[in-house]
Amino acid sequence: MLTIATDIEVLARFGRALADPIRCRVLLALREAPAYPADLADKLQISRTRLSNHLACLRDCGLVVTVPDGRRTRYELADERLGHALDDLRTAMVAVAADRTCVDADEKGCC
């Protein structure tokens, strides 16, 4: 059984990972299939150094893992359920955005 503190910590790590658009793109790419850093950098059109920093953050957050593959290292989601969670979160956010109930949303930038 998780404690409230643990729940908050887990959600905060997930939020930290999703707080950057590049990390979101990395997670979505890894949701499709495991990948090598060089291939990910090419696919996302970012430098390998920049990608390396984001992969380190995602590893620290516990969302991705490295898998040795000969002399190379492949990255993948730490658990396949993370891919489902990303899909569910994206679907929920699209639904919420479509149902904006705050009349001041456009003016205030909320909701």
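Which element supplies the largest share of the lining of the largest pocket?

1. Model and overall layout. This is a predicted model. The chain has six helices and two strands, and from the N terminus on its elements follow the order α-α-α-α-β-β-α-α. Of its 111 residues, 25% count as buried. Among contacts with a separation of 6 or more, 48% are between residues 24 or more positions apart.

2. In soluble globular proteins, nonpolar side chains tend to be buried together. Here the largest nonpolar core has 23 residues, and Val-26, Leu-30, Leu-51 and Leu-63 have the most contacts inside it. Two or more residues each are given to this core by helix H1 (4-18), helix H2 (21-32), helix H3 (37-44), helix H4 (48-60), strand S2 (72-77) and helix H5 (80-98). H2 gives the most, with five residues.

3. Leu-51. Leu-51 is one of the residues with the most contacts inside the core. Leaving out residues up to four places away in sequence, Leu-51 touches Val-26, Pro-37, Leu-40, Ala-41, Leu-44 and Ile-46. Val-26, one of these partners, is itself among the residues with the most contacts in the core.

4. Largest pocket. The space in the largest pocket comes to about 160 Å³. Its lining is made up of Leu-30, Arg-31, Glu-32, Ala-33, Pro-34, Glu-76, Leu-77, Glu-80, Gly-83, His-84 and Asp-87. At least two lining residues come from each of H2, S2 and H5. H5 supplies the largest share, four residues, which settles the opening question. By class, the lining divides into four nonpolar, two polar and five charged residues. Leu-30 belongs to this lining and is also one of the residues with the most contacts inside the largest nonpolar core.

5. His-54. Is His-54 buried or exposed? His-54 is found in helix H4 and counts as buried because its relative accessible area, 10%, is under the 20% cut-off. Apart from residues up to four places away in sequence, its contacts are Asp-20, Ile-22 and Arg-23.

6. Cysteines. How many disulfides does a search of the whole structure find? The search returns zero. Cys-61 is in no disulfide, and the nearest cysteine sulfur, that of Cys-57, lies 4.1 Å away. That pair of sulfur atoms does not qualify because a disulfide requires the two to be within 2.5 Å. Cys-61 is buried, with a relative accessible area of 3%, whereas Cys-24 is partly exposed at 23%.

7. Thr-73. Thr-73 is found in strand S2 and is partly exposed, with a relative accessible area of 35%. Setting aside neighbours within four places in sequence, Thr-73 is in contact with Tyr-36, Pro-37, Thr-66 and Val-67. Thr-73 and Pro-37 are 36 residues apart in sequence, with their C-alpha atoms 7.8 Å apart in space. Pro-37 also touches Leu-51.

8. Gln-45. Where is Gln-45 found? Gln-45 is in the loop between H3 and H4. Most residues other than glycine have a negative phi. Gln-45 is not a glycine, yet its phi is positive, about 55°. Gln-45 counts as exposed because its relative accessibility, 72%, is over the 50% cut-off.

Notes: Residues are numbered from 1 along each chain as its sequence is written. This is a predicted model: local features need pLDDT of at least 70, side-chain atom pairs count only at pLDDT 80 or more; totals for chains, interfaces and linings use all residues. Side-chain values use heavy atoms; hydrogens and water are left out. A nonpolar core is a set of buried Ala, Val, Leu, Ile, Met, Phe, Trp, Tyr and Cys residues joined through side-chain atoms within 4.5 Å. Buried means under 20% relative accessible area, exposed over 50%, partly exposed in between (1.4 Å probe, protein chains only). Contact means heavy atoms within 4.5 Å. On a 1 Å grid over the protein atoms alone, a cavity is a set of points where a 1.4 Å probe fits but cannot get out, and a pocket is an open set with protein on both sides within 12 Å along at least five of seven lines; lining residues have an atom within 4 Å of a point. Grid points are joined across faces, edges and corners, and a volume is the space filled by probe spheres set on the points. Ala, Val, Leu, Ile, Met, Phe, Trp, Tyr, Cys and Pro count as nonpolar, Asp, Glu, Lys and Arg as charged, and the others, Gly among them, as polar.
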